[in-house]
Every structure is written in structure tokens, then in C-alpha cells.
Amino acid sequence: MVTDPSTATSPVSGTEVSDTLAWLSSKLTPIRVLDAGGRGLPASWDALSGLVRSVVCDPLADAAADRGDTVVDTVAVSVHGGPDELKVTRDPGRSSLLEPHRAVVARYGGAAGFEVCERRPVTSMTLGQLRNRHDSFDVLRLATQGLEYALLSSDLDAVRDAVCIDVAGGLVDHYVGQYPLAVVAPLLRGLGYSLLDLRTGTRPAAGWGDNVRHQPLEYRGLWMKDDLVCGTESTRLEQAVKLLVLSKSLGHHAFGHELATALRQRALLPPGPARVLAKAGFWALPWSL
């Protein structure tokens, strides 16, 4: 993709800023988030307050609830849907529909957190069933303790509806049947998503200090729809606007600027907003939507 340097570095007037923000606001519909695992939105999403509608699937929740911007559903998310068994672990955040891979977790610190304390019957739903119940989702946030690859590969239509995919998973197979990042990443890349952020975590065994290196065991990855850059050009205007807003709000300004340039080249945006969004200086300014 070729960006006109004169456009990218040219100044932005106050009128251009206000007109472009007004246009973005007029085209932006609520950003629909599926939070599978009940992690809640991190602080980095605070700038999107009032713009997000979340469906939280948490089989450990006491009861279903509708809090306006957030709907809590007590179902688990699974590949097939229907009755299932939740392995409730000593650390509730490790609870899963899959069995812990004891031989693997025993090698590392924190293995006690994977100990199964209760086997609880639960109702589960697939991504497709959740989409039918709640409409399609713009953002998939999966903290499904081992099921991330199985869920993503089981319903590609539901995945392709999303512009942003946030996955918490393993770099090793903590659960029987879990696929690590090395399998998840190529799947999402092949579907037209770029990995914009990757953070890893360790669980050092007792007795080892902080002055030695520890193997990364877990990750959190953020992928954004990137088919404009990949050349498939299937992103709709509504999705593109949400991508621009998410890129700005989550701090991925360079990606958003590149996206805006691609949208301008496709003539998918009106000339005025297209010209302003292609200016790097506009991305440095605060957006009030």
C-alpha cells in the first residue's frame, strides 16, 4: 500500500476535525462484544464507554442478568451446544469444559489451581446459536480455557462477522484437546486478521526467583480484521468505521491510519473524511464520539 507523504503529514484544521468526528459518530453503531468466559472489558476499553454492548457468557455466574449495556448469560460456549459438564477448578478462572492436562500442568507452577473440585452440569451454546439469540458480534473475546481454536474453527461465518478477536489461550496444552497459539495464529491469519498485540505470561514453580528466565505458558492476543490490506476487500463500511474507532481507542493508531488509507483508495469513504483520516496528525488528536 502506498501512502501519499504529503497527505499523511499535512496539518489538520479544526473544521476538518469536527466534521470528520461528526461523520464517524453518524456512521458508528453500537460495538457488539461477545465476552466468552466473563473476563470483563479491560481498562483500555474505558474510552469506548457508552459505545459498547456486551454479552457475557459465564457458566459460573449466579444468575442471568440484563444490565442495559451488558447482558449476562449463564451458558458456557462450546463447539456442539447442549448439556455439558464444567470442570470447576480450585482457581475458578481455570474452570473448563475440557479436562486439565495433568501431566503438562504438573511441570509448572500454579498446578494446584487446575485441580478439579466439582463437576457441574451446565448448558452450552455454540457461537452460531449465540449469534441467533443476540445478533452478530463485532468483537469476540474468548477466555474459554482450552477451547479457543475449536470454537474459532467450528463456525467461520460467526468469526468473519467480527472485526476484532481477543483470545486468551495457552502456549502449551493445559487442557486435553487444547491447541496452542502456534495453531490459532495461522487460522486467524488465513481468515484475514492481523495480530496487533501479543502478551505472554508465566507460572514460575516455587523456589525460583525473579532473576531467572521462565518459559512463557499463556498468551493474550489481539487480532484485527485486515482483509483490506490482504486484498480480499470484503469489509463493509459499517465494519470499517468500527475498525477505525477500535484502532484509535485501543492505541493502534498506525494500523488505523493504514486502514483509512486503504479505504480512501477504495473510495469507500466520502472525500472529506477520507482525506482527514489519511492524515497522521488526526490520529494524534483526542476523539470525542
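**Close-up 1. Surroundings of T126 in the predicted model.** Leaving aside neighbours within four places in sequence, T126 is in contact with S78, V79, H80 and G81. The model shown here and in the following views is predicted. T126 itself is found in the loop that runs between strand β7 (116-125) and helix α4 (127-134). Its relative accessibility is 14%, and because buried means under 20% relative accessible area, T126 counts as buried.

**Close-up 2. Helix α7 and the elements against which its buried residues pack.** Helix α7 comprises residues 181-190, and L181, V184, L187 and L188 in this helix are buried. Seen down the axis of α7, these buried residues fall within an arc of 130 degrees, so they line one face of the helix. The face turned away from this buried side carries the exposed residues A182, P186 and G190. Following α7 in the chain is G192, whose phi is positive, with a value near 100 degrees.

**Close-up 3. Packing of helix α2 with helix α9.** Helix α2 (residues 14-27) and helix α9 (residues 237-249) pack at an angle of about 125 degrees, and their axes are 10 Å apart. The two helices, α2 and α9, are therefore oblique to each other, and α2 passes α9 in a left-handed crossing. On the side of α2 the contact is made by W23, L24 and K27, while α9 contributes L237, V241 and L244. Sorted by class, the contact of α2 with α9 has 5 nonpolar residues and 1 charged residue, with no polar residues.

**Close-up 4. Packing of helix α9 with helix α10.** Helices α9 and α10 pack at an angle of about 155 degrees, with their axes 8 Å apart. Because angles over 145 degrees count as roughly antiparallel, this description applies to α9 and α10. In passing α10, α9 makes a left-handed crossing. The residues of α9 that make the contact are A240, L243, L244, S247 and K248, and those of α10 are H253, F255, G256, L259, A260 and L263. By class, the contact of α9 with α10 has 7 nonpolar, 3 polar and 1 charged residues.

Close-up 5. F255 lies in helix α10, which spans residues 253-265, and at 9% relative accessibility F255 counts as buried. When residues up to four places away in sequence are not counted, F255 touches L196, M224, K225, D226 and S247. Of these, S247 also belongs to the residues of α9 that make the contact with α10, in which F255 takes part as well. F255 and L196 are 59 residues apart along the chain, and their C-alpha atoms are separated by 8.3 Å.

Close-up 6. Not counting residues up to four places away in sequence, L48 touches I31, V245, L246 and S249.

Note on methods. Residues numbered from 1 in each chain as written. Predicted model: local features only at pLDDT ≥ 70, side-chain atom pairs only at ≥ 80, totals over all residues. Heavy atoms only, no water. Buried < 20%, exposed > 50% of the residue type's maximum accessible area, 1.4 Å probe, protein only. Helix = DSSP H or I, 4+ residues; strand = E, 2+ residues; numbered from the N terminus. Arc of directions from axis to C-beta. Axes fitted to C-alpha atoms, helices over the stretch in contact; angles between N-to-C directions. Parallel < 35°, antiparallel > 145°, perpendicular 65-115°, else oblique. Left-handed = near helix turned anticlockwise from the far one by under 90°. Contact = heavy atoms within 4.5 Å. Nonpolar A, V, L, I, M, F, W, Y, C, P; charged D, E, K, R; others polar.
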